[in-house]
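Let us walk through this assembly chain by chain, then across its interfaces.

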Amino acid sequence: MTLTVIILTLTGIVFFYATTVGILRFPDFYSRLHAAGKGDTLSSLLILLALMLYNFHELNLANLLVAMKILLIVVFIFMASPTATHAIVDAGYESGVQPWTKKSEPED
Amino acid sequence: MDSFFIGIGLALCFLMLLTMHRAIHGPTAIDRIMGVNVIGTKTTILLVIIGTIYHRVDMFVDIALAYALLNFIVTIAASRYFQHHKNLLPEGYGFKHKSEGEK
Amino acid sequence: MRYIYTFLIMFGFWILLSGKLDLFHLTLGVISSALVTFLSANLFMYEHGRNRLTTGMRFLLYLPWLLYQIMLSTLHVAYLALHPKMKDRIDPTIVTFKTILKTDIAKVALANSITLTPGTITVRIEKDIFYVHAISRKAAAGLPGEMEERLAKIFERD
């Protein structure tokens with residue numbers, strides 16, 4: 001039980017780290033959104049599942065409610081994260097941000 | 001187990017500081033919105049972790065839920081607002097500046 | 001009919017969020033759910049004529065596959081982000097394709113699924129043309145993939 005919680009949380013943290021490195025390293029903001037929209041979803045899911053397991057140590061109504069609410073946060077993040085990504089990328093496309101391509105790389 | 005969760009929370013804070021670089025330095029306004037959105041997702045998780053550490057998850061999980069909702073609405077509203085502001089991009093990032101050919 | 005569905009969903013949320021099962025709180029819940037249902041049932045569900053229950057069941061069966069795709073895509077993004085010569089690996093393009101899906105909810109599900117699968121995010125939808133930003137040529141070639149067929153089976157078969 002404890003081992004499962006630790007493994008899930010550490011995997012989530014590793015994915016969060018990769019996401020953050022991606023946000024800092026990718027060349028333009030379309031590719032940064034690739035990192036932001038996907039990495040966040042899965043790592044939030046992993047860490048919140050771990051916390052749900054940890055808080056659900058004995059079966060009673062209060063614990064069940066807490067677990068259900070954490071599950072609600074997970075479901076909400078799953079719907080909201082792609083939608084927010086979509087809204088941001090649409091705003092960028094409308095205001096005319098040029099996507100980075102291999103050809104547009106300056107020679108230096 | 002508590003010290004493990006404190007360590008996880010500190011790691012999340014460190015990652016939030018790294019993301020703060022993107023939220024402050026830009027280069028476009030939309031990058032900043034993205035940085036704020038990512039920081040908000042991490043804050044939601046951090047709130048649940050804080051609740052676990054203080055043994056008051058039943059209270060903190062409500063705050064986390066409200067924070068997730070607010071974060072989503074902020075992102076949608078800000079990106080809708082910037083959608084029609086074509087002059088907010090710095091030099092060299094849009095179609096417009098490139099076609100004027102200042103280089 | 002849709003009033004009943006909306007009321008049941010709202011009341012479920014009330015019980016989940018309040019967590020108290022005595023008479024006073026349940027009465028308050030019935031009153032406020034009824035008020036919200038009266039005000040916003042048109043907004044919450046507006047399409048007619050489909051069997052929502054079987055659609056929902058089929059969508060639940062679609063979720064494990066989506067979860068597997070999300071795992072693949074996160075691994076892909078993590079690999080790209082941590083690769084030392086990342087700029088050689090990526091080759092972003094914006095591709096367009098025409099979808100066969102008709103209903104709005106199916107298009108929304110397809111757009112969100114595209115965003116969550118490896119290497120692609122939806123930029124915008126105009127009528128039935130999808131603009132998709134792909135991070136490499138390989139990801140762009142795989143569009144729209146088997147996702148569209150699966151969603152067509154879920155949402156458009158009666």
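The paragraphs below go from the chains to their interfaces, the salt bridges and the cores.

This is a predicted model, in which local features need pLDDT of at least 70, side-chain atom pairs count only at pLDDT 80 or more, and totals for chains, interfaces and linings use all residues. Residues are numbered from 1 along each chain as its sequence is written, chains are lettered from A and ligands numbered from 1 in the order in which they are written, and side-chain values use heavy atoms, with hydrogens and water left out.

Start with chain A. It has three helices and zero strands. Helices (H or I, at least four residues) and strands (E, at least two) are DSSP runs, numbered from the N terminus. Of the 108 residues in chain A, 62% are buried. Buried means under 20% relative accessible area, exposed over 50%, and partly exposed in between (1.4 Å probe, protein chains only). Contacts in chain A with a separation of 6 or more come to 69% from residues 24 or more positions apart. A contact means heavy atoms within 4.5 Å.

From the N terminus on, the order is α-α-α-α-β-α-β-β-α-α. Chain C has 158 residues, and 41% of them are buried. For contacts in chain C with a separation of 6 or more, residues 24 or more positions apart account for 66%.

Now the interface of chain B and chain A. Here 49 residues of chain B are in contact with 42 residues of chain A. Together the two chains bury about 4200 Å², with 77% of it on carbon and sulfur atoms. Buried area is the accessible area (1.4 Å probe) that two parts lose on being put together, summed over both. Four residue pairs are in polar contact between chain B and chain A, both residues at pLDDT 80 or more. A polar contact is a pair of N or O atoms within 3.5 Å; within protein, one must be able to donate a hydrogen and the other to accept it, and residues adjacent in sequence count only if both atoms are side-chain atoms. On the side of chain B that touches chain A, helix 3 of chain B gives the most, with 14 residues. By class, that side has 28 nonpolar, 12 polar and nine charged residues. Ala, Val, Leu, Ile, Met, Phe, Trp, Tyr, Cys and Pro count as nonpolar, Asp, Glu, Lys and Arg as charged, and the others, Gly among them, as polar.

Which pairs carry opposite charges across this boundary? Side chains of opposite charge can pair when their charged atoms come close. A salt bridge is a side-chain nitrogen of Lys or Arg within 4 Å of a carboxyl oxygen of Asp or Glu. The interface of chain B and chain A has three salt bridges. Arg32(A) meets Asp31(B) at 2.6 Å, N to O. Arg32(A) lies in helix 2 of chain A and Asp31(B) in helix 2 of chain B, so the pair joins two chains. Arg32(A) is buried at 5% relative accessible area, and Asp31(B) is buried at 1%. Lys69(A) and Asp62(B) form a salt bridge, with the closest N and O atoms 3.0 Å apart. Lys69(A) is buried at 7%, whereas Asp62(B) is partly exposed at 32%. Asp90(A) and Arg80(B) form a salt bridge at 3.9 Å, N to O. Asp90(A) is buried at 7%, and Arg80(B) is partly exposed at 42%.

Turn to chain C again. Its contact with chain A takes 37 residues from chain A and 40 residues from chain C. About 3500 Å² is buried between them, 73% of it on carbon and sulfur atoms. In chain A, Arg25(A), His34(A) and Lys38(A) lose the most area to chain C, together 19% of what that side buries. The salt bridge count between chain A and chain C is zero. Ser31(A) has a relative accessible area of 0% and is buried. Among the residues that Ser31(A) touches are His133(C) and Ile135(C).

Last, the cores. A nonpolar core is a set of buried Ala, Val, Leu, Ile, Met, Phe, Trp, Tyr and Cys residues joined through side-chain atoms within 4.5 Å. The largest has 61 residues, and Leu48(A) and Leu151(C) have the most contacts inside it. Helix 3 (residues 61–94) of chain A gives the most to this core, with nine residues. Leu48(A) touches residues including Ile70(A), Ile45(B) and Val48(B).

How values were computed. Lists of a residue's contacts leave out its neighbours within four places in sequence.
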